[in-house]
Amino acid sequence: MRLATESLLVPTPGMLGQGYQERELAVIQLSFDYDSVRIAASDEREAFFVAQGNALARVERDFEAERRAQCVLESFGAVELGCLQDVGEASETEAQYLVSVSDSVHALCSFTAYAVPQLKALGWEVEIDSDYPYQVITPEAPWYAEIEPEAQNDDWFSLEFGVDLDGKRINVLPGLLELLNESSESESLSSLLRTPARFRALQIDANHYVVIPPERLQKLLFVLDELYQGNGGSGFNRASAACVSALEEVFEDGHQTQLRWTGTTSIVDLGRAMKRASDAPAQPSSAPIPGLQASLRPYQQEGLAWLQNLRENGAGGVLADDMGLGKTLQTISHLAKEKVEGRLKEPVLIVVPKSLIGNWQREIRKFAPFLRVCLVHGTNRASAYERIDRADVVVTSYPILVRDLEQFGARAYSFLILDEAQAIKNGRSQAKAAVKTLGARNRLCLTGTPVENNLGELWSLFDFLMPGFLGDLPGFRVRYQVPIEKDKNESRLLQLRSRVAPYILRRMKDTVAKDLPPKTEIVRAIELDGDQRDLYEGIRVAAHAEVRQVIRKKGLAASTVTILDALMKLRQVCCDPRLISSNVAAHVHGSSKYDFFMDLVLGQMQQGRRILVFSQFTQMLALIANGLRDAGIRYTMLTGATADRQARCDEFERGDTNIFLISLKAGGTGLNLTSADTVVHYDPWWNPAAQAQATDRAYRIGQKRPVFVYNLIVAGSVEERMLRLQRQKRHLADTILSGAGAAGGLTENEIDGLFEPLG
């Protein structure tokens with residue numbers, strides 16, 4: 001068999017078969033060897049004569065064997081010329097087959113790369129003309145990657161990537177990037193690879209191509225797309241270390257090929273180190289930290305080792321332990337170790353919600369009293385800036401940082417740590433813009449809820465930690481957010497998890513704090529009746545009609561305010577009609593949920609329980625407070641209007657009262673209330689993470705008694721349907737942080753479901 005090109009006649013475009021033009025096509029010349037005599041497949045003779053000494057011997061053709069051989073050839077895609085009515089011979093030809101009916105370079109190179117080796121393995125003799133234009137370098141050729149820092153900026157790197165052919169390097173990166181540029185959207189990468197070819201071909205000279213199997217190419221393009229997206233192909237930054245090392249994984253696919261790195265490989269070493277840290281957590285040191293007034297639990301020692309590994313490799317990270325597992329203590333231990341080992345050259349800046357400034361001061365004094373702390377807050381904070389340079393740790397709030405950004409920005413910090421880092425989940429917020437401008441050698445986020453509502457929040461955290469790591473926001477949405485949240489793309493979800501896993505440490509109470517007492521979640525479904533039920537149905541019908549009208553007029557995305565306002569009214573009816581300020585509601589007396597709640601609280605108190613009550617509506621807490629006063633029951637209350645949060649917490653923890661009424665927004669984070677053993681969520685909230693955080697004010701390290709959590713919902717109402725949406729959001733967060741699966745967003749059908757009649 002011989003591969004060559006010959007000039008054949010093909011129909012002229014537009015001539016409807018009435019005219020022909022000559023074209024060079026890839027053909028196969030097939031012949032059969034009979035005792036070293038080659039007979040062309042097109043030769044119609046049944047026998048031929050060969051010389052044997054001084055005589056001629058007749059040799060019979062074995063047409064059956066020849067047909068079997070032709071069937072093998074045709075099984076690889078070759079097409080017999082005689083079967084093609086619209087292809088004619090322009091001159092004398094020995095060809096019997098077209099290599100492929102497709103004129104795609106990829107299909108033609110696929111034949112050379114895939115069919116030829118298999119035919120040779122079957123015993124075929126294959127000749128390829130030296131000028132045959134579809135010769136290939138097989139995917140098993142050695143691959144190399146050379147990485148070098150750019151002269152202008154050591155944080156940016158250039159990459160050469162290709163195959164090593166007998167000592168000659170062939171850089172295929174330009175061809176791969178050109179392939180990427182064929183489409184402006186990452187989703188179109190899949191369509192680029194939908195081809196009948198078994199390989200994708202990249203031309204390296206006039207007659208040679210590098211061929212890559214589509215599965216490997218798809219992985220390769222995805223990694224390169226992440227490396228170069230938004231940079232115009234000019235290079236990539238240090239934040240892409242994990243992505244650079246991910247190139248190695250592309251070649252760990254069962255083939256013999258290996259990727260060899262040359263040049264400045266420190267960036268690759270960083271990516272490998274972070275992956276190892278994710279696959280096998282760093283071994284904690286058993287040596288105590290001098291001066292630290294705490295005994296770390298085993299998982300906290302592992303957390304400390306993980307934080308130290310981040311610092312050693314110059315990477316940022318998210319300490320995302322479940323609420324109540326001691327993120328603050330692990331962070332203080334980390335800073336204490338840095339201090340005693342002489343690495344804390346500049347102060348640490350910790351930015352926290354306003355309500356947690358005092359808590360950080362108390363915790364540092366308690367666990368690491370040798371760390372000098374400077375608080376920057378309040379109206380008389382001007383003098384605090386003079387003490388910053390003498391401090392080890394500076395603690396301020398997000399609002400103060402935004403107001404005084406010029407003063408904070410005038411200094412460099414050894415660590416920049418964001419507590420309750422979901423505060424920067426909005427990538428366009430002032431807090432996010434402020435923290436990004438600060439200079440720090442190391443950055444760290446502390447949050448039990450790195451993903452609350454959507455994946456854009458995760459992007460915002462990493463945009464602060466390691467700008468460029470997940471690309472720009474539009475690219476992230478195309479590459480990950482839309483495929484995962486809208487299209488429920490499972491593989492893309494796992495790709496994102498693999499990408500961020502080395503930089504997120506997430507442990508749950510049920511796996512690491514086995515000494516915690518049990519927590520029992522109880523959902524109490526309450527039936528509405530009478531006037532309250534009629535009020536709900538009346539508001540539901542009117543609100544649903546208004547929402548549908550607005551969606552038809554403005555579209556779903558522009559109707560958010562109307563939708564949320566309508567849903568809030570329904571939720572308020574479920575809680576208590578007194579929350580509705582309308583004449584219709586004024587005639588409705590009594591609330592099924594309120595009555596159930598009062599009976600529940602009285603029963604729990606008779607059992608000696610100490611109770612936390614959460615609600616999103618401060619007005620509802622006020623109604624509950626009035627009811628408790630009328631029943632002669634003392635209580636403590638904490639809302640956004642409370643002046644001294646800590647005083648209210650101390651009052652409850654001392655046992656002065658047994659009921660603590662807390663607004664979800666004001667008290668969902670930053671409180672340690674382990675004297676409570678019962679939590680009541682009067683009304684469900686959209687975000688399951690927010691409710692979990694609130695629950696964990698009681699269910700955290702230090703809790704000694706079993707905790708009971710009551711979720712009060714109205715049966716068949718918007719509240720019950722909210723629980724289903726909660727599970728979807730929880731699934732999204734759990735997948736990114738620990739497991740597999742897909743999650744979706746809120747669709748128009750789901751909105752209609754929320755407005756269904758009471759069940």
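Biologist: How many salt bridges does the structure hold?

Modeller: The structure holds 35 salt bridges. This is a predicted model, in which local features need pLDDT of at least 70 and side-chain atom pairs count only at pLDDT 80 or more, while totals for chains, interfaces and linings use all residues. Residues are numbered from 1 along each chain as its sequence is written, and side-chain values use heavy atoms, with hydrogens and water left out.

Biologist: Why is the contact of Arg 381 and Asp 404 called a salt bridge?

Modeller: The term requires a side-chain nitrogen of Lys or Arg within 4 Å of a carboxyl oxygen of Asp or Glu. For Arg 381 and Asp 404 the N to O distance is 2.5 Å, so the pair qualifies. Arg 381 lies in the loop between strand 21 (373–376) and strand 22 (393–397), and Asp 404 in the loop between helix 11 (398–403) and helix 12 (405–409).

Biologist: What makes Arg 381 buried?

Modeller: Buried means under 20% relative accessible area, exposed over 50%, and partly exposed in between (1.4 Å probe, protein chains only). Arg 381 has 16%, and therefore counts as buried. Asp 404, at 7%, is buried as well.

Biologist: Why is the aromatic pair of Phe 476 and Tyr 480 called tilted?

Modeller: Rings of Phe, Tyr and Trp (its six-membered ring) pair if their centres lie within 6.5 Å; planes under 30 degrees apart count as stacked, over 60 as edge-to-face and the rest as tilted. Here the centres are 5.6 Å apart and the planes stand at 50°, so the pair is tilted. Both Phe 476 and Tyr 480 are buried.

Methods
Helices (H or I, at least four residues) and strands (E, at least two) are DSSP runs, numbered from the N terminus.
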